[in-house]
Amino acid sequence: MKKIAAILLISVSVLLLSAYGLYKLMNACTFQLFGEVVSSLDTNQKTVALTFDDGPNDKADHVLHTLEQANIKATFFLIGESIEKYPEEAEKLVQAGHEIGNHTYSHQRMIFKSPSFIENEIEKTDQLIREAGYEGEILFRPPYGKKILGLPYYLSQHDRKTITWDVEPESYPEVAKSPETIVPYVLQHTKPGSIILLHIWHYSKEKQSYIIENVAKGLKEKGYTFQTVSQLLQ
Ligand SMILES: [Zn+2]
C-alpha cells in the first residue's frame, strides 16, 4: 500500500508540475514553441513603442486627438468584432497614420482551439483591417498574451510575428487602480526598445488624456522618442 501511495504522490506531483509548466509557457511574453515572438527590442537607442489593445470604440476621436497633441504614432491591436461595430473609427485610426495590428476576431483565449478556428479568427480580422484601408504589414498580438501550440504554429506557418510587451502597468492591481499610479510605473519601467501595453479604450476620456499626455511628457523628458512597433523593429 505504501508503494502505491508513493507512486500516486509522484504522479500527482509530475502532473501538477507539467500543468504549471504549460501555464507558464502559454503566458510567457518572450518565448513560444514556434515562430518569432517579440516583447521588446534590444537596443541602446531611446526609442519605444506605445501599444493599445482592444477596440476600437466610440472614443476614437478623443484618443486620436490626444495622440496628435502629443505627436505620437501608436500601434493599435484591434479586435475584429469591434472593427465591424466601429468601422469608421477603425478607418480614422488608419488615416491618422497609426499602425494597426490583429488582436483576433472575438478576443478569446487562443488555447486548445482548433486550427480552423484560429485561422478564421486571424484571417477574418486581417480582412477587416484591410477594409479599413490599412496597407502595412499586419502584426499579431494574442488576447491575454496566451498562445500555445495551435496559435504559434499557425503564425509561424504564415510567417507572422507575435508581438507581446515588456511594460504592462495594468497587470498589477495596485498600479492599475488609477492613472496617477499607471503613469509613474510606465516612466520607471520603460527602457530603450520597450513595448508598452495599455488598454486605453477602457478608460474615460479624462483618464485617456491624463495617461497619454503624462506618459508622453515623462518619457520625452527622459530623452525617449515614440515609434510604431514596425518602425521600432526595423
Ligand atoms: Zn486584449
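## The E170–H199 contact

In this predicted model, the side chains of E170 and H199 are joined by a polar contact of 2.7 Å. E170 is placed in the loop between β5 (162-163) and α7 (173-176). Beyond its neighbours within four places in sequence, E170 touches A176, L197, L198, H199 and Y203.

E170 is buried but takes part in no salt bridge. The nearest side chain of opposite charge belongs to R141, at 8.8 Å.

## I200 and its surroundings

I200 sits in the loop between β6 (195-198) and α9 (205-221). Its relative accessibility is 0%, and I200 therefore counts as buried. When neighbours within four places in sequence are left aside, the contacts of I200 are F52, V63, Q208, I211 and I212.

## Overall organisation

The protein contains 10 helices and 7 strands. Of its 234 residues, 49% are buried. Among contacts with a separation of 6 or more, 75% are between residues 24 or more positions apart. The exposed surface comes to about 12000 Å², of which carbon and sulfur atoms supply 55%.

## Strands β3 and β4

Strand β3 (residues 75-78) pairs with β4 in the parallel sense over 4 bridges. L78 has N102 of β4 as its bridge partner.

In a regular strand, side chains alternate between the two faces of the sheet. Strand β4 (residues 99-102) is covered on both faces: E99 and G101 are buried on one side, and I100 and N102 are buried on the other.

## Salt bridges

The model has 6 salt bridges. One of them joins D61 and K92, whose closest N and O atoms are 3.0 Å apart. Because D61 lies in helix α2 (residues 60-70) and K92 in helix α4 (residues 87-95), this pair ties together parts 31 residues apart in sequence. D61 is partly exposed at 47% relative accessibility, as is K92 at 30%.

K161 forms a salt bridge with E137, with the closest N and O atoms 4.0 Å apart. K161 lies in the loop between α6 (150-157) and β5, and E137 in the loop between α5 (115-131) and α6, so the pair ties together parts 24 residues apart in sequence. Both are partly exposed, K161 with a relative accessible area of 26% and E137 with 43%. A salt bridge also links D166 and K191, at 2.9 Å between the closest N and O atoms. This pair connects distant parts of the chain, 25 residues apart: D166 is in the loop between β5 and α7, and K191 in the loop between α8 (179-189) and β6.

Definitions and conventions. Residues numbered from 1 in each chain as written. Predicted model: local features only at pLDDT ≥ 70, side-chain atom pairs only at ≥ 80, totals over all residues. Heavy atoms only, no water. Helix = DSSP H or I, 4+ residues; strand = E, 2+ residues; numbered from the N terminus. Buried < 20%, exposed > 50% of the residue type's maximum accessible area, 1.4 Å probe, protein only. Contact = heavy atoms within 4.5 Å. Lys, Arg positive; Asp, Glu negative; His and termini not counted. Polar contact = N/O pair within 3.5 Å; in protein donor to acceptor, adjacent residues only side chain to side chain. Areas by Shrake-Rupley, 256 points an atom, 1.4 Å probe, with all protein chains shown as cover. Pairing = 2+ DSSP bridges.
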